[in-house]
Every structure is written in structure tokens, then in C-alpha cells.
Amino acid sequence: MKKIFFAIIIMAFCINASAQIKKRSTDVSVYTGIGYKFVFLTDPQARNAYPFFQLSKGDFLKELDGFFGVSFNDRYAVEFSPAYLFTNSVSSDGFYFQDNSGRRFYQPQQTRLFALPLNFRFKYFPFAEKFSSTLSKVYFGAGAGAIYINEEMTNQIYSDETRLVNLGAKTYENNFWTSNYELLLGINSFSKIGFGFELSYRFVPLNQPQN
């Protein structure tokens, strides 16, 4: 379904490998790293089309992240974070969808979805002065930027979930640029070669969410 995926909010976990220093100084420092996210769609209709995990296929929504950051002092950092979100997961259960032709039952046969978020992110470490405390590693943040979306889905279309009346097959496809916004909560190890965990919440507004 063209653009159905982005009538959603995304929640994700990520493991980062960063080049941050153990104790932040007042001097500017540069760090970089990569992350891997598991993506969960909070909109029910979008989640039906692109399931979080498809047991029969072993496929799921995932996202690869890179980040290039500058730490200005103990509390503040700014990052550029390009990412690649993708899946070929197919919903074996099918789903109802409302479009210009009315409400129909769709059985996906083939899907392709990928997105390229290009975000600038701001991180704030509220407990940074307590270097001996685990809380000093916790950060909050926000990000915004552009995102490229490319989607294609081929469906068998039925009048209802009994699948007794086949209305034919149709392929939906679309690609476009739009904006996206995210909120962050995470924790870093702050070692020279370290790791971290992040929970992020991404919102992508659409002009035509029903399509």
C-alpha cells in the first residue's frame, strides 16, 4: 500500500559502538559509531501490512544507523545520524484497508520497503557531573531531518477475509521525500570503544495517510 507505512510512529532499540571518552571535559571532542535497531510500528493498520516479525519468513523491520557527533562539554552533544530502514516482510494473515475503492481485504504477495532518514540530533546528559554514577551516562534527546521513502507492495484483493471473492491483484508503489522527527532516551558506556542502548520514537507526518 503506497505510503501506508508512514502513517505511523516508530519505536526502536539500538546498540551503538561509539568513540566517546570516559570522562567528558570542557574541550570539544568528536566521536562516531554505528547502531542496529529493531523497529515496531505503533499504527495497527501499518503493523498489519508490515509485521514486526514474520515467523514463517524469519524477516522483520530493522534499521542500520550511523552517527557522527561532537561533544561540546559535559552535558551537550550534537550528531548527524543517517540511517537505512528496510524490510521484505510479508503479512501472511492479510489485512483490511480503506482506499478510494472502499474497504477491501488485502493478501500481500510481495513487499519492498526502505527508508533513508537523514537527521541531526541533540543529546542532553542531565547527570553528567556525577561521573561515578550510572546516571551520568543517561541522555535525553531530540532529532529532526529529511527522510526518503520507497515502498512497493503487490496484493491479492478480496471482498472480505473469507477470500471467497477474488477482486484481482494490484501493485502499489511510491517514493518521495518528507520530514521526520524523533525523541531519544539512552545510555552510553563513554569508553573510547564502547556501547550503548537507545529507545527512540520516530514520527513521520503524511499529507495522504489513507493512501
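I count a salt bridge when a side-chain nitrogen of Lys or Arg is within 4 Å of a carboxyl oxygen of Asp or Glu. The model is a predicted one. I searched the whole structure on that basis and found nine salt bridges.

Entry on Lys 37. I looked up its pairing with Asp 65 and read 3.0 Å between the closest N and O atoms. Lys 37 is in strand S2 and Asp 65 is in strand S5 (residues 62–71), so this pair ties together parts 28 residues apart in sequence. Lys 37 also forms a salt bridge with Glu 198, at 3.8 Å from N to O. Glu 198 is in strand S11 (residues 196–203), 161 residues away from Lys 37. I noted Lys 37 and Asp 65 as buried, and Glu 198 is buried too.

Entry on Arg 121. Its side chain meets that of Glu 182 in a salt bridge of 3.8 Å, N to O. Arg 121 is in strand S8 and Glu 182 in strand S10 (residues 166–188), 61 residues apart. Both are buried. Salt bridges with shared partners join Lys 37, Asp 65, Arg 121, Glu 182 and Glu 198, among others, into one network.

Entry on the surface. I found a nonpolar patch that includes Tyr 36, Phe 38 and Phe 52. The patch has about 510 Å² of accessible area together. Strand S2 gives the most to the patch, with three residues. Phe 52 is in the loop between helix H1 (44–49) and strand S3 (53–54). I put Phe 52 down as partly exposed because its relative accessibility is 36%.

Notes: Residues numbered from 1 in each chain as written. Predicted model: local features only at pLDDT ≥ 70, side-chain atom pairs only at ≥ 80, totals over all residues. Heavy atoms only, no water. Patch = residues over 30% accessible without salt bridge, like charges linked within 9 Å, V, L, I, M, F, W, Y side chains within 5 Å. Areas by Shrake-Rupley, 256 points an atom, 1.4 Å probe, with all protein chains shown as cover. Helix = DSSP H or I, 4+ residues; strand = E, 2+ residues; numbered from the N terminus. Buried < 20%, exposed > 50% of the residue type's maximum accessible area, 1.4 Å probe, protein only.
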